[in-house]
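Subject: Structure for you to look at

Hello,

Here is the structure I said I would pass on.

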Amino acid sequence: MKSFNQGMILLFCSSFICSVASADSIEEMVSLMSQKLGDFKTLNESVLRGGLRVRLCQYCHGKDGNSTRAGVPNLAEQNPIYLLTQFEYFRTDKRKNKVMNELAKSLTKDERVNVALYYASQKVAFNPQLKNVNSSSYKSGAGIYKNICANCHGTKGYGEQNLPRLAGQQSEFINKTLKAYKEQKKIRPDSPMNAISAALSEEDIASVATFVSFMQ
Ligand code: HEC
Ligand code: HEC
């Protein structure tokens, strides 16, 4: 009986530790990332390891983080804390996308940090389609960006920490994402973007999506 009890306690303890460990709060993950960012050698190793772990991701996001499919975001040059935070939201189903929700659960803590650091270290490829763009829509997008978006995402569209980079992002992804915020689809945790997008017309959304995709 005694050993049975001990067994129960052991079982309880190990599943308790396990559930604490798998909770991996965002703060804990960000602090793990900050440690890696703080040391050049560790950072280099992390980026290298991350690059070896993106076999599954590259099918959609590209090996170098430049998306290979319409509607899939570029991850290259994205702020690493933003990438990691969003990945944790997928992992805990706070941000909803079937494929991402499944995939995010398949990586260890260390791998999640390494993959974010790897993609953040890649460069966004310049969008070569500028000459085919409707110039009045592009200009209107530039005006909207300057008046509204630049306040948070920065004049150059680089964002910082938890403010995503928009410069060079896929226009179809921006378009789809702003529409989802506007329609309050609740595919992401509460966001200032819901109210901002609700105030934009579909035409404004298309214009600003085009504009940011050409920012460098
Ligand atoms: C089958 C295609 C597919 C694969 C494979 C895939 N992703 Fe994604 N990923 C997407 C799509 C689509 C979105 C956008 C989801 C949405 O918000 O609608 C996304 C979003 C993301 C985001 C959020 C980016 C942002 O700007 O909001 C991150 C981070 C991410 N993926 C990382 C990864 C990593 C790391 C892997 C590999 C382990 C991976 N993805 C594999 C399709 C994919
Ligand atoms: C008050 C600050 C603020 C303003 C102004 C703002 N944003 Fe955002 N935006 C955010 C934050 C914070 C996020 C992070 C994700 C979230 O909370 O949904 C975000 C996320 C986004 C995303 C998702 C990017 C990704 O990679 O997943 C897009 C697209 C976006 N914003 C576009 C815009 C555009 C276009 C404008 C101008 C019309 C704008 N934002 C204005 C704060 C802002």
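**Notes on the model**

Around ligand 2 there are 19 residues, of which I148, C149, C152, P164 and S191 come nearest; a residue is near a molecule if its C-beta atom, placed from the backbone, lies within 6 Å of it. This is a predicted model, in which local features need pLDDT of at least 70, side-chain atom pairs count only at pLDDT 80 or more, and totals for chains, interfaces and linings use all residues. Residues are numbered from 1 along each chain as its sequence is written, while chains are lettered from A and ligands numbered from 1 in the order in which they are written.

The shell around ligand 2 takes at least two residues from each of α8 (135-153), α9 (171-182) and α10 (192-198). Helices here are DSSP runs (H or I, at least four residues), numbered from the N terminus. α8 gives the most, six residues. By class, this shell has 14 nonpolar, four polar and one charged residues. Ala, Val, Leu, Ile, Met, Phe, Trp, Tyr, Cys and Pro count as nonpolar, Asp, Glu, Lys and Arg as charged, and the others, Gly among them, as polar.

Ligand 1 has 20 residues around it, and C57, C60, P73, Q86 and N97 come nearest. Two or more residues of that shell come from each of α4 (58-61), α5 (80-91) and α6 (98-104). The shell around ligand 1 has 15 nonpolar, five polar and no charged residues.

Next, the helix packing. The axes of α8 and α11 (residues 202-213) come within 7 Å and cross at roughly 90°. Axes are lines fitted to C-alpha atoms, for helices over the stretch in contact, and angles run from 0 to 180 degrees between N-to-C directions. α8 and α11 are therefore roughly perpendicular (65 to 115 degrees). Among the residues making the contact are Y145 and C149 of α8 and F211 of α11; two residues are in contact if their C-beta atoms, placed from the backbone, lie within 7 Å.

α3 (residues 40-52) and α7 (residues 109-120) pack at about 95°, with axes 7 Å apart, and are therefore also roughly perpendicular to each other. Their contact includes L43 and V47 of α3, and V113 and L117 of α7. It divides into six nonpolar, four polar and one charged residues.

Last, confidence. The chain averages a pLDDT of 90, and 89% of the residues score at least 70; pLDDT is the predictor's confidence in each residue, from 0 to 100. Over residues 1-21 the pLDDT is below 50, and beyond near neighbours in sequence this stretch has zero contacts in the model. Where pLDDT is low, the predicted coordinates should not be read in detail.

Regards

Conventions: Angles under 35 degrees count as roughly parallel, over 145 as roughly antiparallel, 65 to 115 as roughly perpendicular and the rest as oblique.
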